[in-house]
Amino acid sequence: MKMNEIIFERFASITAKQWKQKIQYELKGLDYQNTLVKNSSDGIPQLPFYSESDLKHHCYTKFPQKINACIHIIDNNEILANTKAVQAIEAGFTCIYFSVFNSNLNVDALLQNIAVKTFINPHFLNVDFSKYIHSKYNNVTVLCDPIGKIAQTGNWYRNFSHDFDQLNNILDHSPSSLMINLSLFHDAGATPVQQLAYSLAQLLQYDQQVSLKKCNSITYSIAVGTDFFMEIAKLKALRVLTDSYFQSQNNVIDCVLIQQKSQRNIHLFDSDLNHEISTLEHQIGQYGGVNYITTYPENYIYFEEEIDLINEQNHQLTLKTKNEYSIINDATFIEKLTQQLIDKSLILLKSIEQGGGFTNQLHKGIIQKKIKEKESIEQKAFNKQFTVKIPITKNTPIQYPFLKTREQRSFWQPINKKRLTAPQEKPIWDKLYSNG
């Protein structure tokens with residue numbers, strides 16, 4: 001007999017009804033539902049306690065053996081980007097994530113002396129570029145997401161047929177290149193159910209346009225919010241939904257999660273709060289079992305004076321990266337939240353498919369409208385609860401932190417990322433920096 005069985009053998013079992021009666025007694029007249037039950041943006045209640053009777057079944061999925069600390073570097077100069085990557089590896093990072101914009105870049109200069117796992121996210125679609133890297137660098141994966149491109153910018157690389165033909169050719173020689181950008185939906189203000197359903201809708205469309213039987217993995221770029229347990233359940237639900245889909249297709253594919261820094265939760269004038277939020281996001285990734293947690297030494301810094309501080313904070317997070325998912329993912333409350341997210345996501349996914357699929361609904365503006373509705377509700381609630389503090393000192397800005405009007409004409413309406421604090425910060429910024 002196990003030790004816990006010996007211990008609990010001495011105590012009478014307590015039913016869920018008895019627990020609830022005890023809680024209601026301790027509330028001393030306060031309403032149980034209004035006081036202790038928290039409803040998520042998707043209408044999923046988070047209860048003060050759960051029991052096995054709450055579960056219809058158990059969600060089983062495979063988690064990675066190791067979580068890797070990844071650094072995101074934007075390539076504006078191959079030599080400088082390579083230097084940053086090499087320095088990051090020496091500091092303890094075990095993965096590099098490059099964003100590149102020029103198809104004529106010097107690939108060999110960019111990847112020199114980099115032996116760790118490396119992802120390249122090109123802002124272009126080029127078969128020869130991908131083929132060259134795949135043939136020469138076994139540790140490098142070029143990620144491609146043409147649907148994500150039109151979702152974020154409103155434009156295809158060229159057009160529907162061209163982009164999927166290019167992707168199909170890339171997957172022929174690089175079966176790990178397919179990526180779906182869930183983080184875009186999160187940063188635009190979509191709910192967890194929307195994030196899951198829209199990502200799965202893209203997966204279904206990719207399988208319709210290019211056979212995913214040639215793939216050996218699917219990579220999701222993900223971001224998380226601050227609702228700790230719900231976000232952990234979201235990550236588990238994403239794996240379960242992906243696994244279930246490929247099992248239904250008699251196909252086995254690895255599900256790779258790269259956690260990006262959430263843009264939605266960044267505060268412009270409070271670096272200490274940003275650090276606390278980053279730490280929470282990091283913990284969610286660890287407990288949620290992502291493959292890679294990405295930190296940003298410069299990309300999300302708006303003031304010169306903060307670069308050294310954020311570098312040090314990200315380095316500390318990197319040193320703490322380790323697996324924690326086994327501790328919490330089998331917990332009853334995570335299981336229940338996961339099941340509820342899956343059930344609601346499948347209902348929404350079915351509606352999207354009946355409406356013609358993801359890009360058809362994107363073309364009609366339905367996806368954008370639904371995200372906007374949820375984003376507006378969250379923004380109003382945030383504004384009631386939080387007030388941005390005016391900074392004491394005026395620092396030197398590096399980049400403009402607010403959404404700019406697009407000069408390039410969009411074929412479709414794009415999905416825009418929106419920071420929660422931006423509406424309150426904009427008038428403060430204009431007052432401080434409008435005159436330079």
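## Basis

Residues are numbered from 1 along each chain as its sequence is written, and side-chain values use heavy atoms, with hydrogens and water left out. Because the model is predicted, local features need pLDDT of at least 70 and side-chain atom pairs count only at pLDDT 80 or more, while totals for chains, interfaces and linings use all residues.

## Overall fold

The chain holds 18 helices and 10 strands. These are DSSP runs numbered from the N terminus: helices are H or I with at least four residues, strands are E with at least two. Of the 436 residues, 52% count as buried. Buried means under 20% relative accessible area, exposed means over 50%, and partly exposed lies in between (1.4 Å probe, protein chains only).

The accessible surface of the chain comes to about 21700 Å². Carbon and sulfur atoms hold 51% of that surface. The areas come from the Shrake-Rupley method with a 1.4 Å probe; for residues, only the protein chains shown count as cover.

Strand 4 spans residues 95-100, and six of its six residues are buried. In a regular strand the side chains alternate between the two faces of the sheet. Here both faces are covered. Cys 95, Tyr 97 and Ser 99 are buried on one side. Ile 96, Phe 98 and Val 100 are buried on the other.

Strand 4 pairs with two strands (DSSP must find at least two bridges between partners). Strand 3 (residues 68-74) runs parallel to strand 4 over five bridges. Cys 70 has Cys 95 of strand 4 as its bridge partner. Between these strands the chain passes through helix 4 (residues 78-91), and this β-α-β crossover is right-handed. That term means the path from the first strand over the helix to the second runs clockwise, with the strands pointing away from the viewer. Strand 5 (residues 117-122) also pairs with strand 4 in the parallel sense, over six bridges. There, Val 100 stands opposite Pro 122.

## Helix 7

Helix 7 covers residues 146-153. Its buried residues are Pro 146, Ile 147, Gly 148, Ile 150 and Ala 151. Their cover includes helix 8 (160-173), helix 9 (182-188), helix 10 (192-209) and helix 16 (358-364). Gly 154 follows the helix, with a positive phi near 85°.

## Salt bridges

The whole structure has 13 salt bridges. Each is a side-chain nitrogen of Lys or Arg within 4 Å of a carboxyl oxygen of Asp or Glu. Lys 136 bridges to Asp 108, with the closest N and O atoms 3.0 Å apart. Lys 136 sits in helix 6 (residues 127-136) and Asp 108 in helix 5 (residues 107-111), so this pair ties together parts 28 residues apart in sequence. Both ends are partly exposed: Lys 136 at 45% relative accessibility, Asp 108 at 30%.

Two further bridges involve helix 11 (residues 228-248). Glu 231 meets Lys 234 at 2.7 Å, N to O. These residues are three apart in the helix, about one helical turn. Glu 231 is buried at 5%, and Lys 234 is buried at 1%. Glu 335 meets Lys 236 at 2.4 Å, N to O. Glu 335 lies in helix 15 (residues 332-354) and Lys 236 in helix 11, so this bridge ties together parts 99 residues apart in sequence. Glu 335 is buried at 2%, and Lys 236 is buried at 1%. Elsewhere, bridges with shared partners join Arg 264, Lys 372, Glu 375, Glu 378 and Lys 418 into one network.

## Aromatic pairs

The structure holds 21 aromatic pairs. Rings of Phe, Tyr and Trp (its six-membered ring) pair if their centres lie within 6.5 Å; planes under 30 degrees apart count as stacked, over 60 as edge-to-face and the rest as tilted. Phe 411 and Trp 412 are stacked, 5.5 Å centre to centre with 20° between the planes. Phe 411 is exposed at 53% relative accessibility, whereas Trp 412 is buried at 10%.

Both belong to a cluster linked by ring pairs.

Technical notes: Contact = heavy atoms within 4.5 Å.
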